[in-house]
Amino acid sequence: MPHDRHDRTRPAPSPSPAPPPPPPPREAPGHPQEHLQVHPHVHHHGDATRRALWIAFGLTAGFAVVEAVGGWLAGSLALVSDAGHMVTDAAAFAVALFANAVARRPPSARASYGHARAEVLAAFINALAMLVLIVFIAVEAVRRLLDPVPVAGGVVMVIALAGMAVNVAAAWVLSRATDSINARGALLHVFGDLLGSVAALVAGAVIHYTGWTPVDPLLSLLVAVLILRSTWRLLGESSGVLLERVPAHLDFDAIGRALAVLPGVAGVHDLHVWHLSAERVALSAHLALDDAAAWPRVLATARGRLMREFGIDHVTLQPSWPVGAPAGRVVPVAVRAVAGAQSGAQVGTAGGPRD
């Protein structure tokens, strides 16, 4: 939709010599050459957050191996599937740690935005790998429903109880570092894995006391659904960042309107909003001005509003202003801003004397 505040044809100016082009506008104080500036952004998380993630990663990855081996020896698909769930958690912790390390690397001549996209790429690959694991669990569960195999229910119960203890310990460690968004996300993974351990415990108890083995593949399918839900969300988020789509939590049209109604702004075009990394959002746009001299004030106001209302701090804005047509010729143009694509223009008939 158009973001021009004035959606109408400007009246033809009286025939007069075209005014000289305005001088280049001064930049707002503290933001020289905004449209050419390279922004080095280095985010440092605290030592407590890194330590919590390392501890949670060690506990989860280590016990995932124990659970996978125990599930294989006990013949329990529920334990194997829960081990797969813990692998997803460990991978999430590894991605968080990787992002923490990569975020410290400053931009370079070959990577002007830095290296934060590596986190997103790793998450995308992790999601694809987990889809393969989900298919394996589903196929094996159906096979065991058709052809049941013996399961050592007592062994399953012991390992599941140990898994619950590991998850509780990891949750306690991460809860002490919730100032980090990565730690909060990891904590959600741990809570989800607790459900997998409970499912394995229930399966072991039912088999131990009743001998009904189909409960094991049935609960394995439940755990697979839990993994699929989080994996699909991760796949969607990571692919959205890699494709530079407008972040899901932001309204593209609302951003355009917020810029278009600023005092001194006649219209907005070439508006683009995308993810720099999993957490940081960038914006670029051209602002048409009524008066070139107002650019420093407009720039400062626009940056403040984008940060305050939308949380966008990496902003690239370029000014433009109307230029009088030669010999009084006026061509009305309606500019449309399209997310992720170049703006298109509709050209009307000339409103002044023809050449």
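User: How many helices and strands does the chain have?
Analyst: This is a predicted model. Read along the sequence, the pattern is α-α-α-α-α-α-α-β-β-α-β-β-β. Counting its elements gives eight helices and five strands.

User: What share of the residues is buried?
Analyst: A residue counts as buried under 20% relative accessible area. The chain has 355 residues. The share that counts as buried is 42%.

User: Is strand E1 mostly covered or mostly uncovered?
Analyst: Strand E1 spans residues 265–275, which makes 11 residues. Nine of these are buried. E1 is therefore, with buried meaning under 20% relative accessible area, mostly covered.

User: In which sense do E1 and E2 pair?
Analyst: E2 covers residues 281–289. The two strands form a hairpin, with five residues between them. Over eight bridges, the sense of the pairing is antiparallel.

User: Are helices H3 and H6 roughly parallel or roughly antiparallel?
Analyst: H3 is residues 117–146 and H6 is residues 215–242. Their axes come within 8 Å and cross at roughly 155 degrees. Angles over 145 degrees count as roughly antiparallel, so H3 and H6 are roughly antiparallel.

User: What is the handedness of the crossing of H3 and H6?
Analyst: The angle of this crossing is roughly 155 degrees. Its handedness is left-handed.

Note on methods. Residues numbered from 1 in each chain as written. Predicted model: local features only at pLDDT ≥ 70, side-chain atom pairs only at ≥ 80, totals over all residues. Heavy atoms only, no water. Helix = DSSP H or I, 4+ residues; strand = E, 2+ residues; numbered from the N terminus. Buried < 20%, exposed > 50% of the residue type's maximum accessible area, 1.4 Å probe, protein only. Pairing = 2+ DSSP bridges. Axes fitted to C-alpha atoms, helices over the stretch in contact; angles between N-to-C directions. Parallel < 35°, antiparallel > 145°, perpendicular 65-115°, else oblique. Left-handed = near helix turned anticlockwise from the far one by under 90°.
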